[in-house]
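Here are my notes on the model, as numbered points. Please read them with the structure open.

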Amino acid sequence: MDRRDLLKRVVIGSGVLAAPRWLLAAGDGDTRAPLVAADYRAAALGAERWITASAQREGDVVRWPVDPSKPTTVDQSLYSGMPGVVLLHLELHHATGDARHLQEAQAGARAMIAALPSDGLGMGGAGLYTGLTGIAYVLQLVQDRAPFPGGQEALARIARQVRDSTTWKGESATWIDSTDIISGTAGIALALVWLQGRDRSTASPWRDVDRQLRGAARSLLDAGVAEGNGTKWAISDKTPRRYPNFSHGTAGVSYTLATLAMHPALAGDRTLQQAARNGALSGARYLDAISTVSPGGSRKIFHSEPGNESLYYLSWCHGPAGTGRLYRQLERLTGDAAWRRYQPALAKAIVESGVPEQHPDRSGFWNNISQCCGNCGVAEYFISRHTATRSADDLAFAQRVMDDVVTRATSDNGGLKWVQAENRTSPEDVVAQTGYMQGAAGVGIALLHLEGAMRGRKPLVVLPDSPSWT
């Protein structure tokens with residue numbers, strides 16, 4: 001089934017949504033025409049309908065399982081669970097103005113609050129993608145759009161739990177034995193920066209996390225290991241494999257240090273501020289030294305060491321689409337436009353790979369369309385680049401990638417789902433998920449971001465680990 005026929009079947013056959021005129025008018029001769037902005041919105045609404053079919057409702061609370069075929073797989077993490085579905089509803093309201101999506105976001109937020117640990121950090125820790133700071137990010141966005149009883153109290157509770165659960169070693173702060181963006185100090189610090197910046201009032205529950213931010217900078221600097229003329233980071237001392245790119249390694253830690261070097265929490269300690277700046281630049285020097293540069297000038301960095309120095313991913317987690325964030329932040333930190341030259345080189349590496357139509361190195365771009373590892377993460381990078389460059393080529397490539405995503409959808413329950421392999425090492429393990437990083441919510445958000453870029457609408461959902469591209 002080609003993508004136009006798929007959208008016809010979902011949009012018209014669902015009976016939920018009036019079919020747009022462009023779709024009703026499409027005949028057999030133009031079903032392979034390039035998709036337009038309205039197509040991407042229709043596909044995002046299809047993703048939402050599939051997720052909604054699995055909703056578990058109880059009064060004014062709603063929960064969505066990670067895997068609808070397993071109703072008990074309700075998860076609270078931003079990576080896989082309910083927070084991602086709440087974000088999809090917020091972005092849908094932003095795009096459509098339909099109040100139903102705000103109501104669903106509030107109902108999901110109430111379920112998230114009900115599942116908060118009574119004390120401590122709970123099983124998910126404080127992590128951005130695994131625990132409380134990621135939940136706080138989502139709750140704050142709901143509060144910004146549609147405040148509801150209990151929302152502000154829940155944010156204050158999370159802020160207290162994160163502060164009280166800080167582990168101090170001198171003036172260095174950690175929450176878990178990890179430096180990384182996913183669950184560790186780097187991601188937690190970025191979430192705290194975002195939350196504090198969102199609410200600057202004297203009543204803000206995040207107003208007094210400056211000590212934690214300074215402590216996070218110190219612990220990240222302490223964890224760095226000199227390599228040549230630069231510095232690299234491991235997830236922890238207990239993890240022998242080192243990942244240089246964004247989600248688990250040097251690019252993500254360096255990005256966080258660059259962010260902290262620009263934050264007011266470090267302004268009162270010029271020595272620490274300069275150390276954070278130098279740490280970020282030292283990480284960039286290490287990445288420069290290990291980069292593979294093609295004869296045509298493209299640039300990419302291997303997946304991990306030891307043993308995977310010839311393996312190259314493309315998306316957010318271990319590829320140029322994530323690592324590009326560091327160079328954008330270094331440009332903002334230093335005011336030096338020379339950092340800008342890395343962006344087209346990274347983008348060129350993705351385009352030269354032949355994706356999405358071809359997979360010359362299938363090991364780094366497997367059967368995965370997600371925000372973390374696949375198509376959506378790649379498309380989001382090119383959509384962000386378009387914000388800065390206004391290049392029609394960047395937007396066109398994002399369209400190519402998301403057109404492939406729509407083609408790979410499966411119609412189910414009047415909506416759209418994506419059956420994919422989350423992990424490269426277990427390609428036979430395929431499942432359709434609902435969440436942000438590996439599921440339909442993340443796909444829907446990427447589709448809406450693309451539609452918004454085509455219509456001139458700024459995105460609402462911008463994660464705390466994302467730089468400003470304007």
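Predicted model: local features only at pLDDT ≥ 70, side-chain atom pairs only at ≥ 80, totals over all residues.

1. The protein chain holds 17 helices and 12 strands. Its radius of gyration is 21 Å, close to the 23 Å that the globule rule gives for 470 residues, so the chain is as compact as a globular protein of that length. Along the principal axes, the C-alpha atoms fill a box of roughly 65 × 60 × 40 Å.

2. Burial and contacts. Of the 470 residues, 60% count as buried. Take the contacts between residues at least 6 apart in sequence: 68% of them join residues at least 24 apart.

3. Surface and charge. The protein chain exposes about 17,900 Å². Carbon and sulfur atoms supply 49% of that area. There are 49 positive and 46 negative side chains. The centres of these two sets lie 4 Å apart.

4. Helix H4. This helix covers residues 82–96, which makes 15 residues. From first C-alpha to last it reaches 21 Å, close to the 21 Å expected at 1.5 Å a residue. H4 is mostly covered, with 13 of its 15 residues buried. Gly97 follows the helix and has a positive phi, near 80°.

5. Helix H17. Here the run is residues 440–455, a total of 16 residues. The first and last C-alpha atoms of H17 are 22 Å apart, close to the 22 Å expected at 1.5 Å a residue. H17 is mostly covered: 14 of the 16 residues are buried.

6. An α-helix has 3.6 residues a turn, so residues three or four places apart point the same way.

7. Cis peptide bonds. Most peptide bonds are trans. The bond from Glu305 to Pro306 is cis, with omega near 0°. Pro306 sits in the loop between strand S8 (299–300) and helix H13 (320–334). Val355 and Pro356 are also joined by a cis peptide bond, with omega about 5°. Pro356 belongs to the loop between helix H14 (342–352) and helix H15 (375–389).

8. Most residues other than glycine have a negative phi. Arg390 is not a glycine, yet its phi is positive, about 55°. Arg390 lies in the loop between H15 and helix H16 (392–407). Is Arg390 buried or exposed? Its relative accessibility is 55%, so Arg390 counts as exposed. Asn413 has a phi near 55°, again a positive value in a residue other than glycine. Asn413 is placed in the loop between strand S9 (410–412) and strand S10 (415–417). With a relative accessible area of 57%, Asn413 is exposed.

9. Gln106. This residue is found in helix H5 (residues 99–114). The cut-off for buried is under 20% relative accessible area. Gln106 has 17%, so it is buried. Which residues does Gln106 touch, not counting those up to four places away in sequence? They are Val142, Ala146, Pro147 and Phe148.

10. Ser247. Its place is the loop between strand S6 (230–232) and helix H10 (250–261). Ser247 counts as buried because its relative accessibility is 2%. Ser183 is 64 residues away along the chain, and the two C-alpha atoms are separated by 9.4 Å. Leaving aside neighbours within four places in sequence, Ser247 is in contact with Asp180, Ile181 and Ile182, and also with Trp316, Cys317 and His318.

11. Gly249. This glycine also lies in the loop between S6 and H10. At 1% relative accessibility, Gly249 counts as buried. The C-alpha atoms of Gly249 and Thr179 are separated by 7.9 Å, with the two residues 70 apart along the chain. Neighbours within four places in sequence aside, Gly249 is in contact with Trp233, Tyr243 and Pro244.

Conventions
Residues numbered from 1 in each chain as written. Heavy atoms only, no water. Helix = DSSP H or I, 4+ residues; strand = E, 2+ residues; numbered from the N terminus. Expected span 1.5 Å × (residues − 1). Buried < 20%, exposed > 50% of the residue type's maximum accessible area, 1.4 Å probe, protein only. Rg over C-alpha atoms; globule rule 2.2 N^0.38 Å. Contact = heavy atoms within 4.5 Å. Areas by Shrake-Rupley, 256 points an atom, 1.4 Å probe, with all protein chains shown as cover. Lys, Arg positive; Asp, Glu negative; His and termini not counted. Charge placed at Lys NZ, Arg CZ, Asp CG, Glu CD.
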